Structure formats: structure tokens, C-alpha cells
Amino acid sequence: MIMETVVTVTKLKERLEELRKENKSIGFVPTMGALHQGHLSLIRASKKNNDITVCSIFVNPLQFNNQDDYSSYPVCPEKDIAFLNVTACDILFMPTREEIFPTENNEKFDFGDLGNKLEGAFRPGHFDGVAAVIKRLFEIVGNCRAYFGEKDYQQLLIIRKLTNMLNLPIEIIACPTLREVDGLAMSSRNQLLSEEERNIASKIYDIIYEASERSVSHTPAELKDWVNNQFKEYPIMKVEYFEITDAHTLQSIDNWQSDKEVVSCIAVKIGNVRLIDNIRFFSNFGLN
Ligand code: AMP
């Protein structure tokens, strides 16, 4: 099947209705474009388990709390379309802002503590914007499996919560983070880094990976200090946060408990580029 490109909500709904009449299952991969292999891994996961895969590309203005970040966000539709064709995506949904938000949208959501910490604390309003666009896209696409990357770990938890809160007929599937060969998590923002910044950016994963190994001999508080000290060697990187958290609630933890799943989350600014990453800690804790 040659990929169809759809730009209006009405057309996409009509097309999906036809496909559902033919009993086709739908997989959905929402993105903001500037696609890389991480995005394509979500498309591939969707293609494995669904008859039809829909990818959306929409740079959602509501989720940018910083106007410069929005203006500099990379946009490259021709390259994206070529990537999607190679991956044999079935439908590309590329709507305008007016199609997605025909009127001003100031919707607020209450995700409790989950929404207020980490990204929520450093990017006020970000998750309201994410939730508004995902709610709208889910309403348009309807019953489907929707694929999200663990790279944006807090966003994944927020979207699961949103789906439950609104009782939507959507199954959320989490996909692992794809990394460059030197460990840097793939991200559309990586292309905004200068060569020097890009080389140093790989230290983010080196440091959090080593931190995960050091959980055998360090308490969470000691690890946080260790990580913050490591970054002092690279003054062009500014750590916004590094937190060791319960993988379900994102509450910070202060001791290791073998029955707890732990994820550590980090946000780092390199020049004007803000990168996030996370890593799971496995329960090989040697202390308390
Ligand atoms: P974005 O275009 O940044 O909004 O991302 C669209 C989807 O791709 C989200 O579900 C992201 O979590 C996911 N994604 C982004 N980077 C990666 C990556 N390196 N590995 C896996 N998934 C990713």
C-alpha cells in the first residue's frame, strides 16, 4: 500500500471508518516530525501488531512553554515523508493548527503530583499542552493502539493517566528508547547541537548509566551528589534536574527497596538546547 497523506480531520475520520468496516486494526504513532530512528521504531512496533499504521506530524504549539524553543523546533516534511515511506507507514496525518485547534484551547488537566514534578516543574503548562493535543488526536483517531517512547517517560505516564481519566478506547504501548551509537538518546533536538555540544551530549547517558551501576554501593542521595559532581566536569552542560524516582509515581525515593521499580530522570541544557533522558535501575541494590 502506498502511503496516503491526509491533512483534514474529516478526511482522516472517513478513511479510518472505511478501514474499520473492513475490520482493520489501527495503530497510531503521534509525533512532532523531524523524524529519526526512535520514531521509526514506534512505526515498526505498530506495523507488527496492527493492519494499518497512522503517523501524525504536528508541532503542537501548546506544549512549548518557551517561544524560542517552538520557533527553533526542526521542521523537515520532505525528509519525514521519505522516512515514513521507507518504513511503509500506511497513513500520514499532517494537519494544520486550525484543524487540530479550531478555537483557542486553554484546557487544564489535573494529573496530581505526577504532573507537577520534573518536566511539569521546569516547563509550566507543558503537560496541559501535551494532554490537549493527545486528547484531540485520540478523539479523531478513535479506537486504536497508540505507541509512545519511554524516552519521554513522564509523558508516557501522563498519557496513560489521561487515557484512564477519560476512559478512552485506546491501548497505550510503551516502546524502548533508541540511542545513537555513543549512547545519546535519539531526539529531534539533537540536530540543534553544535559539533562540540553533540560530542559532549553523549556524557549524559554515560553518567546516568554509571549511576545505575553505582546503585549497588551508593544511597540515592549519594548518587544524586555523584551525578551532579560528574556534570561539573562539563561546564557547557547545566543539569536542570536529576531525580531517582518510583517508576510508577515518579515520587523521589530516598532508599532502595527491592520491590520498587526505579527510574532516574534527567534534564540537561546544553546552550539553548534542552535534552531529557532516563534509565531504569534494576533491583541489585546493596545498601539498606
Ligand atoms: P516527539 O516527536 O518528540 O513528540 O516524539 C514522538 C514520539 O516518539 C514520542 O512517543 C516519543 O517518546 C518517541 N520518541 C522520541 N525519541 C525517541 C527515542 N529515542 N526512542 C524511542 N522513542 C522515541
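Helices here are DSSP runs of H or I with at least four residues, strands are runs of E with at least two, and both are numbered from the N terminus. Axes are lines fitted to C-alpha atoms, for helices over the stretch in contact, and angles run from 0 to 180 degrees between N-to-C directions.

Colleagues, this is a predicted model, in which local features need pLDDT of at least 70 and side-chain atom pairs count only at pLDDT 80 or more, while totals for chains, interfaces and linings use all residues. Residues are numbered from 1 along each chain as its sequence is written, and side-chain values use heavy atoms, leaving out hydrogens and water.

I begin with a helix pair. Helix α1 (residues 9–21) packs against helix α8 (residues 126–141) at about 45 degrees, and their axes are 9 Å apart.

I turn now to the ligand. Among the 16 residues around the ligand, those that come nearest are Met 32, His 39, Asp 152, Leu 178 and Met 186; a residue is near if one of its heavy atoms lies within 4 Å. Which elements each supply at least two residues of the shell around the ligand? They are β2 (26–31), α2 (37–49) and β5 (144–149). The largest share, 3 residues, comes from α2.
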